[in-house]
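Please open the structure in your viewer and keep the sequence panel at hand. The stops below are meant to be selected in turn.

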Amino acid sequence: PDDVTPSLLACFKALGINRLSVGVQSLQEKELRFLQRRHTAVGAQKALELIQSTGFHNFGVDLMYGFRGQTMKSWSDTLDGALAWEPAHLSCYQFTLSEETPFGRMVSDGTLHRITEGQERRFFTHTSHFLRDRGFIHYEISNFARGEGYFARHNMKYWQRAPYLGLGPAAHSFRDNVRWWNLKSVRDYCCLLREGRRPVAGQEELSSDEARLEKLMLGFRTGDGVDIYDIVGQSADTEALRRLASSGIVRIEGKRVLPTLDGYLIADRLPLMFFR
């Protein structure tokens, strides 16, 4: 938000940029301080006001939930505050801790505690109901849009396993079940380019089972789900699908198997139910 200025937005307009995404995270001052963000809630509101008044109507807001000290009311207030500016898209990410980060070290030394799984579940389901009641489509675990025309097409390429080319240090690329990644070091990356060599650090070729597992893993993260023929192959798979459908984890529409809200909650585990 602090980067948003009239001159920057004018430059974007001149370049033909027509979609923006703003990393707001929260509209509560105390929560922003906890998250160690450099912007304030007031600054975020001013940025959204400037974006809207400049004529950018296709913009998204990134928000974060599920961290210690946040309440359901403060989260609802943040959602309401963001919706007041009529964004076309919302990304609502659950607070995730990694060991090598400052927050991860705070957990290790006991100065920060995670919220419980039950609390995580309540935040997730509340977010989905809250935004769907206000006309948004919950089209991917963390993503909501006012209509299909506002889906994040860039991200959908990854979820649909379309080929993509990554340029720059540490960038990943994918094509024909082969994934490769570039060197992380900017210096080494540039040195190899000057020598006319590919700056690739490594690659992997997925087996048919690995490709199927990845297809299910990515598909179950989206509202579009997976093709039923990517699941049903043996009687055990058919039985697993029947159990999941009867328990309300997935629903079957035509030839698609779609995750329900409960299915989203265990999306990473769903593919493993069809592998022996």
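Select Glu 140 to begin: with a relative accessibility of 2%, this residue counts as buried, where buried stands for under 20% relative accessible area, exposed for over 50%, and partly exposed for what lies in between (1.4 Å probe, protein chains only). The model is a predicted one, in which local features need pLDDT of at least 70 and side-chain atom pairs count only at pLDDT 80 or more, while totals for chains, interfaces and linings use all residues. Residues are numbered from 1 along each chain as its sequence is written, and side-chain values use heavy atoms, with hydrogens and water left out.

**First stop: the salt bridge of Glu 140**

The side chains of Glu 140 and Arg 221 form a salt bridge, at 3.0 Å from N to O; the term requires a side-chain nitrogen of Lys or Arg within 4 Å of a carboxyl oxygen of Asp or Glu. Glu 140 belongs to strand 4 (residues 137-140) and Arg 221 to the loop between helix 9 (208-219) and strand 9 (226-227), so the pair ties together parts that are 81 residues apart in sequence. Helices (H or I, at least four residues) and strands (E, at least two) are DSSP runs, numbered from the N terminus. Arg 221, at 21% relative accessibility, counts as partly exposed. The structure holds 16 salt bridges.

**Second stop: Arg 179 and Glu 204**

Next, select Arg 179 together with Glu 204. Their side chains meet in a salt bridge with an N to O distance of 3.4 Å. Arg 179 is in strand 7 (residues 178-182) and Glu 204 in strand 8 (residues 200-205), so this pair ties together parts that are 25 residues apart in sequence. Arg 179 is buried, its relative accessible area being 13%, whereas Glu 204 is partly exposed at 35%.

Move on to Asp 237, which forms a salt bridge with Arg 212; the closest N and O atoms are 3.8 Å apart. Distant parts of the chain are linked here, with Asp 237 in helix 10 (residues 235-246) and Arg 212 in helix 9, 25 residues apart. Asp 237 has a relative accessible area of 2% and is buried; Arg 212 counts as partly exposed at 21% relative accessibility.

Keep Arg 161 selected and look at its backbone. Arg 161 lies in the loop between helix 7 (153-159) and strand 6 (172-175). Its phi is near 60 degrees, a positive value in a residue other than glycine. Most residues other than glycine have a negative phi. Is Arg 161 buried or exposed? Arg 161 counts as buried, with 16% relative accessibility.

Now select Ala 170, which is placed in the loop between helix 7 and strand 6. The phi of Ala 170 is near 70 degrees, again a positive value in a residue other than glycine. Ala 170 counts as partly exposed, at 36% relative accessibility.

Select Thr 127, which is found in helix 6 (residues 117-132). Thr 127 is buried, with a relative accessible area of 2%. The side chain of Thr 127 reaches the backbone oxygen of Phe 123 at 2.7 Å. Leaving aside residues up to four places away in sequence, Thr 127 touches Tyr 65, Trp 75, Cys 92 and Phe 144, contact being heavy atoms within 4.5 Å.

How many disulfides does the structure hold? The structure holds 0 disulfides, a disulfide being a pair of cysteine sulfur atoms within 2.5 Å. Select Cys 190: the closest cysteine sulfur to its own is in Cys 191, 7.2 Å away, too far for a bond. Cys 190 is partly exposed, with a relative accessible area of 31%. Cys 11 also counts as partly exposed, at 38% relative accessibility.

Strand 9 is joined to strand 11 (residues 256-259) by 2 bridges, and the two run antiparallel. To see one such place, select Asp 227, whose bridge partner in strand 11 is Arg 256.

Conventions. Polar contact = N/O pair within 3.5 Å; in protein donor to acceptor, adjacent residues only side chain to side chain. Pairing = 2+ DSSP bridges.
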